[in-house]
Amino acid sequence: MFVCHCGTNIAGTVDVEAVADAMKSESGVVYSATYQYMCSQSGQDIIKKAIRDYELGGIVVCSCSPRMHEATFRKAASSVGMNPYMVEIANIREQCSWVHKNREDATSKAITLARAAVAKLKLNFPLTPGESGVTKRALVIGGGIAGIQTALDIADAGYKVDIVEKSPTIGGKMAQLDKTFPTLDCAACILTPKMVDAAQNENIRIFSYSEVESVSGYVGNFTVTVKKKARYVKEDVCTGCGLCTEKCPRKKIPSEFNLGMDNRSAVYIPFAQAVPKVAVIDSEHCMMLKENKCGVCSKVCTAGAIDYTQKDEYIEEKYGAIVVATGYEPISLERFGEYARGMSPDVITSLEFERLTSAAGPTHGKLVRPSDKMKPNTVVFVQCVGSRCEPSLGKGKEYCSKICCMYTAKHAMLTKEKYPDAEVYVFYIDVRTPGKNFDEFYRRAAEEYGVKYIKGMVGKITPDGERLNVSASDLICRKKLEIKADLVVLAAAIEPSPTARALATKLASSMDTNGFFTEAHPKLRPVESPTAGVFLSGACQGPRDIPETVAQAGAAAAKVIGLLSKERLTANPCVAVCDEEMCSGCSVCGNVCPYGAITYVEKEFRVPGGRTKARRVASVNEAVCQGCGCCAVACMSGAMELKGFMSSQIMAEVDAICRTSR
Amino acid sequence: MQRTDRDALVRRAVSLMNDGVCDRVLAWRRGEFSSDVSPGVFTDTESVEKELVRNFFCGANLSKYLISETEKTEKKVLIFLRPCDSYSFNRLLSEHKFNREKVYAVAVGCDGTADIGKLKRKCGALSDIKRRGDKIIAESLYETNEENEENEENEANGAERVFDLEDVLSERCLSCNLKNRADCDEIISDGGRDAVSERFFEVRRIENMSSEERYEFWRGEFSRCIRCNACRDVCPACTCEKCVFSNPSSGVENKAAANSFEESMFHIIRAFHVAGRCTDCGECSRVCPQSIPLHLLNRKLIKDINILYGEYKSGESVSQISPLNSWTENDADPSEVAELLERSRSK
Amino acid sequence: MVKVSYYPGCTLKNKAKELDKYAVRCAEILGVEMEEIENWQCCGGVFCDSSDEVATKLSAVRALACAARRKTPLVTVCTACHNVIKRTLHALRYDAVFSERVRNYLGDEAKGAENAEVYHYLELLRDVVGFETLKGKVVNELKGKRVAAYYGCLFLRPGSVMQTDDAEDPRIMESFIKSLGAEPVIYPMRNECCGAYTFFEEKEAALKKGAAVLKSAENFGADLIAAACPLCRYNLESSSKSLPGGAEKKLPVVYFTELLAEALGVKEARYGM
Amino acid sequence: MECKGEALCAEVIRISASDVGKCMRCGKCSASCPSYDEMEYHPHEFAYMVSSGDADALLESDSAYKCVSCLTCSERCPCGVAPSRLVEAFRIIKARERSNAAFAPERSVFDDGEIPGQALVSAFRKFSK
Amino acid sequence: MQDKQINGYRPKIAAFCCNWCSYAGADLAGGNRLSYPCDVKIIRVPCSCRVDPIFVLRAFRRGADGVIICGCHPGDCHYTSGNYHTRRRMSLLFSFLDYLGIERERMRVEWVSASEGAKFAAVMNDFVSEISKLGENRRLEDVRCKEQTETRLSEER
């Protein structure tokens with residue numbers, strides 16, 4: 001028993017000598033001492049010496065929170081041959097001396113806590129962590145800029161990486177952007193070389209038009225089934241010549257890449273720089289697949305790549321680490337009827353604006369009104385549409401979408417660049433520009449380009465003849481504004497990809513209330529998910545811009561490389577264990593296990609009369625089990641237990657705590 | 001008097017045994033009087049023909065016996081499943097308690113079974129009982145029951161008394177409207193009852209008491225418990241290899257309740273362990289020698305589960321997962337549960 | 001025949017008798033029996049939007065309790081009454097302090113009020129009768145008429161309480177108009193306020209707002225405006241009169257029930273072709 | 001009862017049960033207000049002034065009576081603040097300070113034989129200054 | 001109110017805290033010196049779902065006057081779904097014990113995240129004051145356990 005003063009942190013309120021004295025008379029305690037700073041080197045030496053001198057079986061340290069120094073004391077104990085799991089901490093600082101003022105009360109509570117720790121320790125037994133190997137291959141889910149960068153960095157370190165991308169090409173949202181802030185360089189110019197790099201890197205395999213079907217296993221040893229959706233085009237044969245797309249008779253299908261602002265054919269290549277540059281047949285619209293009529297593409301394809309009989313293919317692969325890079329989507333603006341999205345095609349979202357200004361877009365970079373293809377003379381930008389909303393209202397998102405202030409400034413600038421005589425308004429609540437060269441960029445829009453920034457949200461947009469009437473109020477001038485606009489651009493909030501939720505379930509990875517993946521620690525472990533072996537990259541974790549995404553992608557890659565470079569991993573030894581004699585194989589534990597760590601096996605047991613009987617019993621995979629203990633509670637007979645937190649141990653603590661007088 | 005008469009059961013049992021499909025039959029065995037029927041395992045056709053009985057007193061749920069009986073034979077065990085039994089049957093299957101391949105399940109209809117306690121209170125020892133339409137005619141051995149003394153008219157009828165069917169049915173049958181849910185090998189008949197009383201009426205009555213009254217009520221009930229373990233042994237949900245009450249490291253090991261806490265503890269933990277798995281077959285109350293209304297504990301949990309997590313009937317299918325082993329993101333918070341239940345009660 | 005409880009409200013018994021009459025007659029044709037609840041009182045005309053006001057909402061509580069006792073949904077035709085009643089119901093259900101104070105005032109009279117179900121007549125048509133059924137019962141199709149629905153405020157707002165339809169982009173009245181065979185006109189001002197509440201104190205402002213609604217409907221090619229609220233109709237008509245131009249140029253403002261009655265052949269055709 | 005300063009704001013918050021602390025000053029309420037031009041103080045200023053603890057000017061101004069109670073501001077508020085309830089609270093406070101309702105409309109309005117009853121009732125209850 | 005006796009009566013409170021959120025929340029309360037009565041004693045469990053109803057009964061048996069279980073907010077469980085199980089189990093347990101006439105107020109589940117030190121302290125203050133109002137737990141106690149403790153303690157003195 002070692003009682004720490006922690007300077008005056010503990011000793012100031014708790015009579016540490018009294019605690020040590022009281023514990024001397026506790027049964028099982030053979031040594032009890034205090035020291036100024038137990039965690040210091042000399043404090044640890046006292047512990048080590050006592051363990052040796054008294055041949056202690058276990059120790060209790062009354063000190064700060066175990067979250068602080070449990071590891072320190074365990075290490076000290078194990079350095080002199082004691083099993084580290086024979087160390088118990090009584091938290092008499094954070095949960096005693098710091099929260100209580102009365103010395104007598106605090107001391108008596110400290111004694112109780114020490115007793116509880118002793119009671120538990122008496123039932124402890126040495127634990128040894130299990131070990132497992134590491135598969136030297138990583139999986140990256142999502143082929144946007146985050147996924148591509150992560151894969152490139154991992155491949156660069158010499159490890160194999162697979163990218164799974166749900167759409168027919170990698171590139172993600174960045175491929176749809178025109179220019180990037182704050183440098184205004186063209187998104188395609190910096191992204192497409194990376195896409196090509198990824199395709200050509202011999203360590204990288206790209207599964208495009210594919211989805212993660214199921215995930216099993218654990219850190220170092222994941223088994224993932226990838227569903228490669230039938231694209232009805234042989235990927236290795238297609239040359240990407242595009243002849244089939246020209247000849248296809250079904251041409252009136254809204255293009256996903258151009259957000260429905262122009263059309264594509266039923267067999268299509270999403271865009272010119274697509275990787276892999278291979279056609280795909282949309283089975284919902286293809287006449288051949290639907291009604292067995294047509295077959296034009298097959299006829300014109302000189303390479304013979306068209307295969308109408310292709311089926312979904314399932315590929316199973318083992319991975320040591322998984323990186324989630326599922327990105328974001330703009331929210332649906334359905335609930336914002338006041339902004340007349342449904343009434344006029346000239347009310348567009350920012351992403352649509354990107355396509356309108358992009359040279360590869362539906363207008364070849366000519367910024368015109370979607371309704372009549374005329375030049376807009378007055379353009380209104382509305383920020384924060386659906387961001388920073390009270391979540392209980394169910395209309396928008398609570399958070400700031402982070403990227404809108406900057407891209408709106410960019411859009412305003414681009415508009416002015418194309419049409420210097422145009423009137424450009426930006427309605428804002430706050431302009432947030434915390435980034436390198438960000439505020440300078442925004443100021444340039446306002447100062448050099450003459451973009452009119454007005455503080456105040458737009459109330460309603462109403463079609464008025466061919467134009468749009470924008471009702472707003474200028475909060476600084478206390479003036480109602482009615483602006484006749486030709487084009488209105490809404491900066492829609494962004495949200496996690498709709499596929500993320502199901503993926504999180506498959507990965508047993510947690511999400512926050514907004515559906516973004518949670519990190520293991522918001523400051524100290526920002527690219528790791530709480531689930532070991534699963535890492536996070538890009539906007540799947542929260543709104544971020546391209547520079548941040550790329551930085552995070554690199555960080556995630558570094559973590560993956562660190563993991564894959566290990567030969568063996570040690571596991572947490574506090575895992576569930578099944579007493580097979582008592583287990584009745586009822587499956588209850590398996591039903592509640594969030595990790596699928598429990599399987600059932602038939603085993604022979606001796607029964608009275610010298611015979612044996614086969615019985616179904618639970619078996620815990622120690623490498624998969626994370627030690628939550630849910631199964632131990634679900635088990636009716638008490639056959640399932642959690643090492644380190646056995647029922648008997650917890651009950652011993654309960655008893656010790658409730659033993660004190662009233 | 002039952003929808004499926006005894007002879008049909010006997011005929012099927014005998015022919016299945018003669019065909020070598022089954023060598024064990026789980027059914028009801030005749031006792032000395034028509035009212036003392038016990039569950040029985042028949043291993044030869046002779047005893048089937050002589051002793052198998054299907055009447056108004058066949059209360060026992062036979063499913064649980066499958067666990068031990070299927071182990072004893074290489075052939076199949078024949079079992080007759082009433083609608084209520086089929087739920088226990090499914091539940092046991094979903095917990096892998098027996099091998100379905102080794103069972104020959106036959107669905108039989110049911111009109112309900114008598115509450116022997118009720119009948120005995122009404123007319124003392126019974127000698128015979130008949131059914132005429134919706135009436136039950138009971139013949140008692142003696143005429144020493146209270147009601148007869150008070151009512152001279154009845155004395156004129158001698159020992160014969162007439163009751164409405166519903167007056168002597170066991171409580172669980174009054175609120176039963178179950179249909180056979182098991183995947184049976186054969187159906188002899190599959191009719192069940194229509195509920196005539198509300199299943200949660202009694203639970204609600206207790207809920208409406210004050211906290212003190214509830215405490216006193218259950219104290220009174222539990223204090224009668226003699227820890228004979230009949231409830232546990234008969235319960236088709238209690239199938240642990242080793243019961244938690246016999247496990248010294250569980251912290252609740254206990255053979256006989258020493259004081260009021262242990263009396264309550266046994267029943268609280270037992271009810272909680274069968275929660276979400278209990279099929280409300282009512283066997284616990286039926287076999288309790290002290291007439292403790294144990295099913296009202298289980299029904300409370302069933303009722304809460306239905307209100308909080310949606311209608312759920314344990315044993316409805318083999319693949320179902322107990323609401324206690326599942327969850328949804330929008331489950332009620334413990335702090336709002338009281339109010340939710342209160343609101344549903346006032347509706 | 002579906003039975004419902006009917007709360008007519010003062011205006012329908014007074015200045016808008018026709019609204020009342022047609023609503024009841026048409027409902028009958030559509031298989032709904034509207035039984036007027038006994039001893040109803042004026043709803044107060046306006047819902048007092050405060051947490052501590054009880055007395056002005058008691059009349060609505062009584063109406064709700066009465067419908068709950070009859071175990072039939074409570075239907076109103078007047079949008080203003082509907083707004084008061086529905087919001088009172090919401091407060092009863094979700095504001096514990098309010099509902100307790102109501103109980104203190106009314107005792108048993110308020111019993112069960114929170115369990116009542118409330119429909120606007122249009123919701124009744126949509127959710128109980130069904131617009132498809134309605135379409136089948138139409139005898140005089142209002143073909144070729146371009147009708148602009150005017151929602152105003154009370155029918156839609158507050159959206160989270162009224163839950164009539166999407167408060168910013170509603171469709172219920174347009175669907176109704178369509179089922180009568182007329183062509184609905186969707187125009188921006190249909191859910192903007194006409195300002196009728198301030199008619200007495202700020203007459204000019206009210207007329208100005210009403211005129212803006214009329215102008216918007218006219219710009220989008222409406223032949224007539226259908227309203228569900230006597231207050232709106234009065235203000236819009238007054239606005240229409242105050243506008244310069246001849247009487248023949250005025251956009252007629254009618255109750256939606258008048259159109260319904262015409263279509264079902266209850267009323268002599270006037271707005272239809 | 002003289003109600004001023006912080007006490008007035010507290011009373012407004014109590015009556016309206018509106019959480020003015022949530023206001024992020026976006027001004028969507030004012031942008032949506034059909035009576036903006038008639039008002040001296042606008043919906044967002046009601047929220048801002050009440051949250052800042054000095055709203056005496058609102059009690060003196062007749063802006064509250066320019067409001068048409070259309071609830072658009074509350075409907076569109078992204079923060080769930082409900083400016084319309086704040087405005088209503090001012091009307092209620094004034095009404096409660098008066099011993100008698102002082103509704104005195106111009107005689108002429110009664111001559112119009114078509115005024116719906118509810119218009120009068122609501123004017124008495126809510127909009128009389 | 002902290003550390004002050006209420007009518008001379010000191011309730012005994014057992015608090016089960018999950019390691020990842022609530023225990024860290026309690027530590028944060030300590031770090032910020034937010035006080036709460038010392039009658040609250042914390043037992044660390046990996047997840048709130050490790051709390052068996054048997055532990056709750058055990059605490060009452062040994063004379064606890066109140067039991068509180070703290071876990072991560074629903075949706076934030078370190079083990080993804082543990083607290084969802086806690087939520088169901090404890091909802092049913094509390095309602096069931098209430099049905100048996102045991103005061104519902106003696107048991108509580110609270111969601112306290114690692115960042116909610118202030119909430120932790122506030123919850124504990126509130127719970128202790130509520131238990132103090134209820135007084136000693138009489139309906140679910142094992143008299144023998146109590147006598148033993150009290151005689152033992154008096155001997156110790």
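1. How many of the 20 residues of α5(A) are buried? Helix α5(A) is mostly covered, with 17 of 20 residues buried. A residue is buried if 20 or more other C-beta atoms lie within 10 Å of its own, exposed if 12 or fewer, and partly exposed in between, with C-beta atoms placed from the backbone.

2. Some ground rules. This is a predicted model, in which local features need pLDDT of at least 70, side-chain atom pairs count only at pLDDT 80 or more, and totals for chains, interfaces and linings use all residues. Residues are numbered from 1 along each chain as its sequence is written, while chains are lettered from A and ligands numbered from 1 in the order in which they are written.

3. Helix α5 of chain A covers residues 103-122. From its first C-alpha to its last it reaches 28 Å, close to the 28 Å expected at 1.5 Å a residue. The expected span is 1.5 Å times one less than the number of residues. Helices (H or I, at least four residues) and strands (E, at least two) are DSSP runs, numbered from the N terminus.

4. In chain A, α2 (residues 41-54) packs on α3 (residues 66-79) at an angle of about 40°, and the axes are 9 Å apart. That angle makes α2(A) oblique to α3(A). Angles under 35 degrees count as roughly parallel, over 145 as roughly antiparallel, 65 to 115 as roughly perpendicular and the rest as oblique. Axes are lines fitted to C-alpha atoms, for helices over the stretch in contact, and angles run from 0 to 180 degrees between N-to-C directions.

5. Helix α2(A) brings Gln44(A), Ile47(A), Lys48(A) and Ile51(A) to this contact; α3(A) brings Phe73(A), Ala76(A), Ala77(A) and Ser79(A). Contact means C-beta atoms, placed from the backbone, within 7 Å. By class, the residues are five nonpolar, two polar and one charged. Ala, Val, Leu, Ile, Met, Phe, Trp, Tyr, Cys and Pro count as nonpolar, Asp, Glu, Lys and Arg as charged, and the others, Gly among them, as polar.

6. Chain D has eight helices and zero strands. Buried residues make up 55% of its 129 residues. Among its contacts with a separation of 6 or more, 70% join residues 24 or more positions apart.

7. Helix α7(D), residues 83-97, has end C-alpha atoms 22 Å apart, which agrees with the 21 Å its 15 residues should span. Its buried residues include Leu86(D), Val87(D) and Phe90(D).

Methods:
Contact = placed C-beta atoms within 7 Å.
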